[in-house]
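Subject: Structure handover

Hello,

Here is the structure I said I would pass on. Please open it beside this email and look up the residues as you read.

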Amino acid sequence: MSKKKKNSPIKPARIRRIKSDKQQNKKPVRRFGKPKRGSEELPDLIEALTGSPGSTTLFGDGDDMPNPSPADLPQVLPVLAVRDIVVFNYMILPLFVGREKSVQAVDSALAGDRYILILTQKDETVEDPEADELYMTGTVGMIMRMLKMPDGRLKVLVQGLARAKVKRFKTSDPFHMAEIETLMEPETGPLTPEQEALIRSSREQSERILTLRGISSQDIMSVLNNVSEPGRLADLIASNLRMKVEAAQKILECHEPMKRLELVNGQLLKEVEVASMQNKIQTMAKEGMDKAQRDFYLREQMKAIKREMGEDGDESEDMDEIHKAIKKSGMPKDVMKEAFKQLHRLETMHAESSEATVIRTYLDWMTELPWKKHSRDRLDIKKAETILNEDHYDLEKVKERILEYLSVRKLNPKMKGPILCFVGPPGVGKTSLGRSIARSLGRKFHRMSLGGMRDEAEIRGHRRTYIGAMPGRIIQAIKQCGTRNPVIMLDEIDKLGSDFRGDPSSALLEVLDPEQNYSFTDHYLNVAFDLSKVMFICTANMLDSIPNALLDRMEVIRIPGYTEQEKTVITRRYIIPRQIEENGLNNNEMTISDKLVAKVIREYTREAGLRNVEREIGTLCRKMARKKAEGDKGPFKVTSKNLYELLGPPLFLDDEKETTLPPGIAVGLAWTPVGGEILLIEVTTMPGKGKLILTGKLGDVMKESAQAALSIARTHAKEFGIDPSFTDNMDIHIHVPAGATPKDGPSAGVTLFTALISALTDTPVCPDLAMTGEISLRGRVLPVGGVKEKILAAVSRGMKKVLIPSQNKKDLAEIPEELRKRITIKTIEKVDEIWPLAKVK
C-alpha cells in the first residue's frame, strides 16, 4: 500500500483487493490498514493481555467503524466456519481460508456486498462441519481485504460488525447459507455505582496484568480509559484474552453489556492468577540460573587449577557427562541427592582407586534406570481383545481379566499394576500368555525364571561392600526393558528354594505387594524405586509349595488342561504353522487332516498341555523336510497309512481300558501337577484275623482314607449284605499299582470304599465308571479339587460315567459343553448312593 494510505481510517465503501507485492514493484511486505486513533497502543495491549507479541487483532476507534442497523445488513448470509477463535464486534483480524466450502463462501461474499457470517466450530478437529456442529451465535463481518496465496489459500482481513443469531440454515452445498437475526447492542443508561465499580475493576485487572508482564501501561491504559461503554470495553478485552473457545463463545452469546463485562472480569481474575504464577516461576528460574552460572564459573576455575597442576584430562569431561546424565535421568529429589553425593565423592578420589570404580559403576546404574520413562498403554479394548484371540485359543477367564484391567486402567490411569498368578500343568501356554498380554498392552516384556533360586540377593541385590556386587534381577529387568512399567513374568514361582543365603520367597513379599512396592529398595542401589506400575505375572504348576503369605498377595487364575477338540484346534492354528516354518517348509508343502491330528493327540500323547503334541508334529515336519532335502517334490501328505511309518507304533492304545473288571477293583481319578490321571485301586481278601494291609507307597492322607472306608463298611455291613464279623477271620489288602510312584491326597475315599465293598460282596464295578471324592465317618461325601482335570483324564481314557461329590456341582460350569456331551456326570452326597451306581447291573 502507498505511504499516503498507511494511517488512513478503514472505510467500508473504499475497500479494494490488496495488490500483490510483485504488482506494486515493492519488496515483499504484507501490511493491512489500521484505524486512525489508538492503533499504535493496541498491539502493546494485545501483547500484554495475551502474552504473545505481534498479535494481528485490532480494533477501530468507534467513529470510523460502521454501525449498521438491522435493516442495513442482509438477512441471508454465507457462513465462514472458523476454528480456535471467536470473533467479537469491532474486531479486525486476518484469517487464512483453505477449506473448499470456506473459499466458496468468501467468493460469494466478495461477489455481493462483502458481508459474511462468522461462526465457530464446536469441535476443531472436524474438517467439514455440518450445521449442527457450529455454534448458533456468531458475528457478522465485512471482508475488507483479500489476497490469494501461492498454495491456493486465501488471506482475508475481516472486520466484526454486529452479533447475529442463526434462525435456520438454508443450504449446505456448495457452502452454508444461513438466515440470521441481527442482535443489536442495547442502550445503556447512566451508569450505577455498581456498574462503574465493575468497569474500574476490569481496567485495574488489565493494568495489573500489564505490570506483571513488565509492559509500560500508560499509553495502553489511556486507550482503555477512553472506552466508556461496558459492551465495547468487554469486547475489547475479551478478544485479546487467552480463553478456551467455550468461554469466549459464552461471552459472545451474552447480550447484556454488564453481564458480558462480568464474565470478562471473571476471566481477567483468572489471567491475573496465571500471570502472578508465571512471574513467580520466572523469578525462581532466574535465581536458579544465577546459581547455575556461579557453579559453572567455579567449576571452570577448578578446571583451570587442575590444568595448571597437570591433573586435567578426560576425567573432568567424564564428571561433566555424569552430572548431565543425573540431571536428565528424572530421578526423584532424594535419589538425585544421593547420586550427587556419590558424584562429589568420586570427584575427590583418584581415578585409579578401587572405590572409584565401584562408585562409577553405581552411578552408571543410577543414570541408566528409567526413573520416569514409561510405555504408553494401548487402551483400545477391542484391539487388545483381537491380539489376545490371535495368540491364544480359549482361556476366556484370563482374557476377560486382562480386558477388565485395561478397562479400569483406561478409566483410572493412576491404578496400580495387578499381581496375577497363572496356575496349571506344563504346556498349557502360561508363559506365552504373558508375552501376549505384553503385546496387547503395548508394553515391554521380560521373563525371569525363579526355578531353583536360593539366594535372597537374586531379588534384592548385593550390598556395594561386596566385590562384584550387582543389583537384583528385578532392577536388572527394569533396566533391560528401559521403561518403568513393563510386564515382568516370574516363571516357576512354586520352585523357589531357600538355604543359609536367605529365602527368596520372603524377599518377593515386598515386590509383589502393591501397598509396598512403590518404594522397593534394592540393596545395591540403597534408594527407593517405584515398582507399582509394573505388571507382575507369576506362573506355577501347583500352589502347595508357595508360602501362604506370598500366595495371599497374588490373584490366582487357574489354567486347566485342554480337551481333545481344543488340542486339535490349537494344533491346527498355531503348532502346525510354527513347526512348518521352523523346519524350512512352505505352508502348502505338508498337509495333515484334523482327523489325523486328533489321532496323533489320542495315540501318542497323554498330557494336559501340548508339549508332546508339538514334539510329534515336529517329528512329522522333520520327516517331510528330509524328503524335500533329498530332492522329492511336494506336497507331502500325512495319511493314515504312513502315519505309523513316520511316528512309529502308537504309545497309548484305547484297548488299555479293560472291558470288565474283577471284583475288588475300582477306577479312581487323581490330580497331578501335570493334569488329571486315572488311578486303579485293588482290594483283595484272604483268611486272617482282621488285619488291614496297605501297599503302593501311599501317603498318610490316603492311609487314613482307607481306614475310614473300612470303618464305614463295617458300620453299614448289613445294608450291603456283608457279614458284620468279617474282620474276625479275614485280612484285607489294599494296593494302588505303580508302587514306585508316591500317592497321596484327600480325594480317594470314594474309590477306596467302592473297591472294598466290591471285594467284600464279590460283585464287580462298572469298567467304564470313574469316581472321585472324600468320605467322612458319618457317611458324607466331601468335595475335592481339580474336577475339570479329572474329568478330562476320564474322557481321554474312554470312561462313560463319572461320580463326583454334590458340592462340586458348581465346578461343572468350567467343563466345556463338548466335553459334557461325551460323558455322564453323576453327583453323590452320601456313601449309600455310591454302590447302586457303581456295581454292574
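Before the findings, two notes on how the values were made. The model is predicted, with local features needing pLDDT of at least 70 and side-chain atom pairs counting only at pLDDT 80 or more, while totals for chains, interfaces and linings use all residues. Residues are numbered from 1 along each chain as its sequence is written, and side-chain values use heavy atoms, with hydrogens and water left out.

The whole protein

The protein has 26 helices and 25 strands. Helices (H or I, at least four residues) and strands (E, at least two) are DSSP runs, numbered from the N terminus. Of the 841 residues in the protein, 47% are buried. Buried means under 20% relative accessible area, exposed means over 50%, and partly exposed is in between (1.4 Å probe, protein chains only). A contact means heavy atoms within 4.5 Å. Among contacts with a separation of 6 or more, 74% come from residues 24 or more positions apart.

Helix α13 and its two contacts

Start with α12 (residues 396–411) and α13, whose axes come within 12 Å and cross at roughly 30°. That makes α12 roughly parallel to α13. Axes are lines fitted to C-alpha atoms, for helices over the stretch in contact, and angles run from 0 to 180 degrees between N-to-C directions. Angles under 35 degrees count as roughly parallel, over 145 as roughly antiparallel, 65 to 115 as roughly perpendicular, and the rest as oblique. The crossing of α12 and α13 is right-handed. A crossing is right-handed if the near helix is turned clockwise from the far one by less than a right angle, and left-handed if anticlockwise.

On the α12 side, the contact is made by Val398, Ile402, Tyr405 and Leu406, and on the α13 side by Leu433, Ile437, Ser440 and Leu441. By class, this contact of α12 with α13 has 7 nonpolar residues, 1 polar and no charged ones. Ala, Val, Leu, Ile, Met, Phe, Trp, Tyr, Cys and Pro count as nonpolar, Asp, Glu, Lys and Arg as charged, and the others, Gly among them, as polar.

How do α11 and α13 run, roughly parallel or roughly antiparallel? Their axes come within 9 Å and cross at roughly 155°. That makes α11 roughly antiparallel to α13. The crossing of α11 and α13 is right-handed. Here Ala384, Ile387, Leu388, Glu390 and Asp391 of α11 meet Ser436, Ile437, Arg439 and Ser440 of α13. The residues in this contact of α11 with α13 divide into 4 nonpolar, 2 polar and 3 charged.

Salt bridges

A salt bridge is a side-chain nitrogen of Lys or Arg within 4 Å of a carboxyl oxygen of Asp or Glu. A search of the whole structure finds 31 of them.

One is formed by the side chains of Glu390 and Arg439 (3.6 Å, N to O). This pair links distant parts of the chain, with Glu390 in helix α11 (residues 381–391) and Arg439 in helix α13 (residues 430–441), 49 residues apart. Glu390 counts as partly exposed because its relative accessibility is 47%. Arg439, at 38%, also counts as partly exposed.

Another salt bridge joins Arg163 and Glu185 (3.6 Å, N to O). Arg163 is in strand β6 (residues 154–171) and Glu185 is in the loop between β7 (177–183) and α3 (193–212), 22 residues apart. Arg163 counts as buried because its relative accessibility is 1%, whereas Glu185, at 29%, counts as partly exposed.

Two buried residues

Ala384 lies in helix α11. With 0% relative accessibility, Ala384 counts as buried. Not counting residues up to four places away in sequence, Ala384 touches Leu403, Leu406 and Ser440. The C-alpha atoms of Ala384 and Leu441 are separated by 6.9 Å, although the two are 57 residues apart along the chain.

Ile732 lies in strand β20 (residues 730–735). At 3% relative accessibility, Ile732 counts as buried. Ile732 and Thr684 are 48 residues apart in sequence and 6.0 Å apart in space, C-alpha to C-alpha. Not counting residues up to four places away in sequence, Ile732 touches several residues, including Thr684, Leu710, Phe726 and Leu756.

Regards
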